[in-house]
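Thanks for making time this morning.

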Amino acid sequence: MLTKVKDDRRGSSRLITLPLIAVFAVFSSVAAAQTGASDTPFSAKVLDLSDSTTRIMVPVDRSVTVETTVETTRADVIATHIVDVQVLSPTRILLTGQRYGSTSIVLMGPANKQYVFNVDVELDLEQLNNTLATLDPLGHVEAVSVRGHIILSGTVSSAARAEKMVELSTLFLPTSDTGEPATGVQNHIEVAGEQQVLIRCLVAEMSRTALRQLSINGFLAGDNFKDAFFVNQLGGVNPINIGTAADALVSANMPFLTGTEGIPLGQASTLSAGFPRVQMQLFLKAMAENSLLSILAEPNLTAISGETATFLAGGEFPVPVPQGNQTVTIEFKNFGVELNFTPVVKGGEIIRLRVHPSVSELDFSTAVQLEGFVIPGLTSRTTETTVELGSGQTIAIGGLLNEQVRGIASRIPAIGDVPVLGALFRSVDFQRSLTELVILVTPEIVAPLHTQQIARLPFDGRTDPSDFELYGLGLLEGLNCEENQDQPGCGEPDGAVDEPPALGSQPQEASIHGPWGLEGIVEAR
């Protein structure tokens, strides 16, 4: 039996030949009793049969016309709330989708023969599929309706385009009485290409400090108090304890008293000069100091797109926390090189990166004591930001240029301002520090190594030293012949033959970069 469907949407009168409109159930026992056993059994021939289509699909809130080659006198539907059936003529019926679902229609033919076929009422997604094709010309995504839900499946070139397709599909969902979507969208779209991101974070810091100090202490006196005396304690370089004895007579000479072992020299004194006959002694603190601090940290970390990865190379230090019941609990704080980042692979070779690097170290100069515990402070360099850049590109996410100048000059009024000689009555402390800090990040799309590729390890090429290298040259590891071809013992042995490279290996170091999106997959093929 040849069946045709006429699409009545928007008043159209074109005929659509369905691949298969019905699966007819013939009640042969009833037909034989009514027409006799000698009648020819009913048979149907399906034209334009597709592979697996056995149902009629009717869009919700739309109508289609079904034409049959057998005249029918009656049409009954099992679920009237799903589809409405109207008989237009003995060979034509009109089906209108009421709501999404599946049901069966029974047609009554000549001699009361019954024919049954199934009807599915689903969403009309032709316009949605046409729009999806324009969103990602390189991808292939198809939207199908299952009981009112939209199922998206296929391949796209980026995760951002997949999100846009899901947002667009929600506009085609049926709504409830409250205006909210009555069904949902299920996303089964796959993103082509590698979705793993390797981040290289570089934290480089250079700190320079210059210090200049000059302080002079001393005393000058005669044999006794009649000759007078002078003491300079400016800057506190060396404490001077000088005076007369408690039982000395005023009428007689009062000698100076400096202790049984003399005036002690403090640790801050860098120079001491004395003149015993005139009882003169000077204590000098002079210093010119330059210091340099260089810090370089380069943590590398890999994570899949949309996931957060954490890296810590350092440790934890305990911090006592007093409780209300006179007890102390211990909490641990992290320090060292720490990296947290969340990558999102987008289209157009762009990676959106939320990164939080931190480099910290213990600082006991700012330590505090709590109930007998010494809690050190932390010197840290940290930043947190979100950036977008291409694979392999580098961007500076943070930087610091800090210059501090500190100068202190203490002098005795008037006499300390005298040129040259006034230096004996002055204390000068001048300090200058300069700190430069830069934080760079470089994200890269990566793929796992091939099974025949070998990853480089930090100790590759390291060998134990020979007796000559250990005792003669004082080396703690053997010479790397790849870098020291001219050293003894690193020449090629006679008759050496180069071994062919392993299958699939390359002369240069194997790359771990992966193809980018759908374009990379096509090029790789």
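Predicted model: local features only at pLDDT ≥ 70, side-chain atom pairs only at ≥ 80, totals over all residues.

Residues are numbered from 1 along each chain as its sequence is written, and side-chain values use heavy atoms, with hydrogens and water left out.

Let me begin with the overall picture. The secondary structure comes to 5 helices and 26 strands, where helices (H or I, at least four residues) and strands (E, at least two) are DSSP runs numbered from the N terminus. Of the 525 residues in the protein, 31% are buried; here buried means under 20% relative accessible area, exposed means over 50%, and partly exposed is in between, with a 1.4 Å probe and protein chains only. The protein exposes about 32,500 Å², and carbon and sulfur atoms supply 53% of that area, with accessible areas taken from the Shrake-Rupley method with a 1.4 Å probe and, for residues, only the protein chains shown counting as cover. If we take contacts between residues at least 6 apart in sequence, 63% of them join residues at least 24 apart, a contact being heavy atoms within 4.5 Å.

Now to the helix pair. How do α2 and α3 run relative to each other? The axes of helix α2, residues 126-135, and helix α3, residues 159-169, come within 11 Å and cross at roughly 160°; the axes are lines fitted to C-alpha atoms, for helices over the stretch in contact, and the angles run from 0 to 180 degrees between N-to-C directions. The two helices are therefore roughly antiparallel, since angles under 35 degrees count as roughly parallel, over 145 as roughly antiparallel, 65 to 115 as roughly perpendicular and the rest as oblique. On the α2 side, Leu128, Thr131, Leu132 and Leu135 meet Arg161, Met165, Leu168 and Ser169 of α3. The residues of this contact divide into 5 nonpolar, 2 polar and 1 charged, where Ala, Val, Leu, Ile, Met, Phe, Trp, Tyr, Cys and Pro count as nonpolar, Asp, Glu, Lys and Arg as charged, and the others, Gly among them, as polar.

With a relative accessible area of 2%, Leu132 is buried, and, leaving aside neighbours within four places in sequence, it is in contact with Val141, Ala143, Leu152, Met165 and Leu168. The C-alpha atoms of Leu132 and Glu142, which are 10 residues apart in sequence, lie 7.7 Å apart in space.

Two buried residues in strands come next. Val119, in strand β9, residues 114-122, is buried because its relative accessible area is 0%. Not counting residues up to four places away in sequence, Val119 touches Ile56, Val58, Val83, Leu95, Gly101, Ser102, Thr103 and Ile105. Ser358 is placed in strand β22, residues 350-370, and at 14% relative accessibility it also counts as buried; beyond its neighbours within four places in sequence, Ser358 is in contact with Gly336, Val337, Glu338, Arg381 and Thr382.

The loops give another view. His81 sits in the loop between β5 (74-77) and β6 (83-89) and counts as partly exposed at 48% relative accessibility. Leaving aside neighbours within four places in sequence, His81 is in contact with Gln98 and Arg99, and the C-alpha atoms of His81 and Arg99, 18 residues apart along the chain, are separated by 6.9 Å. Phe42, in the loop between α1 (28-35) and β3 (56-59), is partly exposed with a relative accessible area of 22%.

Finally, some backbone geometry. Which value does phi take at Asp61? Asp61 has a positive phi of about 65° although it is not a glycine; it lies in the loop between β3 and β4 (63-67) and is exposed, with a relative accessible area of 58%. Arg147, likewise a residue other than glycine, has a positive phi near 50°; Arg147 lies in the loop between β10 (140-146) and β11 (149-156) and is exposed at 54% relative accessible area.
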